[in-house]
Amino acid sequence: MNVVKELMKSIRQFKGVSILSPVFVTLEVALECVIPLYMIEMLEKIQSDTSITNILLYGGILLALAGVSLVFGVLAGRFAATASTGFAKNLRQDMYYRIQGFSFSNIDKFSAPSLVTRMTTDVSNVQLAYMMIVRVAVRSPIMLVFSLVMAFVINYKVALIFLAVIPVLGIGLFVMFRLVDPIFTRVFKKYDAMNESIQENIKGIRVVKSYVRDEYEEQKFKMTSDDVRNDFLKGEKIIALANPLMQFCVWFSILMICFLVPMIGVGTDGGKFAGMSPERLNEASAKISAEMSSLIVYATQILSSLMMLSMVMIMISMANTSSKRIVEVLSEESDLHSPENAVFDVKNGDVRFEDVDFKYDVKADRRALKGVNLDVKSGETVGIIGGTGSSKTSLVNLIPRLYDATSGHVYVGGINVKDYDLETLRNQVAVVLQKNVLFSGTIKENLRWGNSDASDEELERVCKLAQAHDFIMGFPDKYDTYIEQGGTNVSGGQKQRLCIARALLKKPKILILDDSTSAVDTKTDALIRKAFAEEIPNTTKFIIAQRVASVQDADKIIIMEGGSVADIGTHDELLARNAIYQEVYYSQNKTNNDEEVKINGSKN
């Protein structure tokens, strides 16, 4: 019930058409049920008076009733389509906005492929189910009740056939519903696996091509798609049994009607025709014929309405799983919030860590960061180096509150990061992540992500700081050059420099470069660092790098090892005492065998 309640919040402006559709469906069904009853009277009148005027009169009334019913049906379909597509639009919008507010840990919980499936396939299933609910789910029970009542009005003895056939069809459809429900519940998890396989292949297409792993990836995708196909096939085979079951019930009902109506008769003294006058016999025959026609129509309507209702139930079963997956996203609360009395001013770029521990999952045994203590003054340049998996990125992610520390405290400007308004804090902490992302649009549009109001002069200034201005001016359209999605039409080094320029446009008090100069040459790297020292001396700079040359001029260098701070010092201090730093430095600056000796004989 909570799932339905949560989903209904997304109907909003489409409540009106959602109500109008059932109203017109009811009117349509009422007319469809009246028409067979009218046919009895029409056939009797035409039987007694076969003049063309009489035929045209009653035929015209019948056409008018059918025409009005058609109009009601068209309007009901139109309103249902408007309501369902609008509902789906609102659902996707609500999910998208909710996802935008997620923290990194929330995204990690769902995974990107699963979120894509939920916003596409799951929403489509709910949309189709909603359209069937406001139209077919209303139409079927009303048609069933109206037709059954009309059948009893015409001939209650023959109508008892329906009371015998309906349970048979109902039980059969219920069994099918129970069988397919777990199948469709399982299949959506396999959808996520299939989407994950596609996303992984597309993101790593260069690696796949380089290692000639096309056939392996094709086989892997075939396995996941076959899993989805097999489950759907199994479910569809069960659903396919519904049609022959309904056909059996319909034809059995028609056969019994044709057998019983002449036997029971209508006003024929128990079905005995002997001794009747020709006129009376002709009248009884016409009555029986009209009655049979109407009852056959009602039989079809009753059983087809049951069939439609079963299809609605199956669709709702599929949509039920999708609904739960959608509501999981809509009800997920970001684990990062701005406090009620939030601080809206970051005084300076001071950064302090006090006994900080961090785990990506609260239930995990392993800590990504352990007992980190760190004190950085505003304007300092801090280099961070360490082996792969030493939690360098995890450390800096805590500064702009992309994640929260599991225990301990992180301070920026002397205030706990949890006390800041999130937007305020992140506006003052610019991060250039390891994975540089450019969006489709011009260079100007990409740069203005850092500051939407930046002038052309400001754009040029930050691009010169990031050593990007020269190569931009080499493009025919210069700053109006169009960047393809993902920045595929610029090199890795150019992409990195554009991302650095974009971060500088924020005029942050803290700048974090997470291995963001790895694709540029050492000369350009040195020019970027020089520009930072000269142009933004009051900005605190954290530089994560693999190259010692990128951090050796820093005010302090942090050595990370196994999630802990192994050592802190200047280049000279670390080179004199720290074995890890010595090994990295000499491996990158090795010139002769004497330096090998220094590595092996260094102090611990």
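Residues are numbered from 1 along each chain as its sequence is written. Because the model is predicted, local features need pLDDT of at least 70 and side-chain atom pairs count only at pLDDT 80 or more, while totals for chains, interfaces and linings use all residues, and side-chain values use heavy atoms, with hydrogens and water left out.

Let's start with the rings. The structure holds twelve aromatic pairs, where rings of Phe, Tyr and Trp (its six-membered ring) pair if their centres lie within 6.5 Å, with planes under 30 degrees apart called stacked, over 60 edge-to-face and the rest tilted. One of them joins F87 and Y130, a tilted pair at 4.7 Å centre to centre with 45° between the planes. F87 belongs to helix α3 (residues 52-100) and Y130 to helix α5 (residues 112-134), so this pair ties together parts that are 43 residues apart in sequence. Helices (H or I, at least four residues) and strands (E, at least two) are DSSP runs, numbered from the N terminus. Both F87 and Y130 are buried, which here means under 20% relative accessible area, against over 50% for exposed and in between for partly exposed (1.4 Å probe, protein chains only).

F358 and Y403 make another tilted pair, with ring centres 5.4 Å apart and planes at 55°. F358 sits in strand β1 (residues 351-358), while Y403 sits in the loop between α12 (392-397) and β4 (407-412), so the pair ties together parts that are 45 residues apart in sequence. F358 and Y403 are both buried. Elsewhere, ring pairs link F24, F72 and F79 into a cluster.

There is also a charge over a ring (NZ of Lys or CZ of Arg within 6 Å of the ring centre and within 35 degrees of the ring normal): R352 lies over the face of Y411, at 4.2 Å from the ring centre.

Now for the cysteines. The structure holds zero disulfides, a disulfide being a pair of cysteine sulfur atoms within 2.5 Å. For the sulfur of C463, the closest cysteine sulfur is in C499, 11 Å away and too far for a bond. C463 is buried at a relative accessible area of 0%, and C499 is buried at 4%.

Helix α6 (residues 136-154) and helix α7 (residues 156-203) have axes that come within 6 Å and cross at roughly 145°. Those axes are lines fitted to C-alpha atoms, for helices over the stretch in contact, and angles run from 0 to 180 degrees between N-to-C directions. Contact, meaning heavy atoms within 4.5 Å, is made by residues including L144, L148 and F152 of α6 and Y156, L163 and I166 of α7.

I166 of helix α7 counts as buried at 17% relative accessibility. Leaving aside its neighbours within four places in sequence, I166 touches L144, L148, I302 and L306. Its C-alpha atom is separated by 62 Å from that of K435, 269 residues apart along the chain.

Finally, the backbone. Most residues other than glycine have a negative phi.

| Residue | Phi | Place | Relative accessible area |
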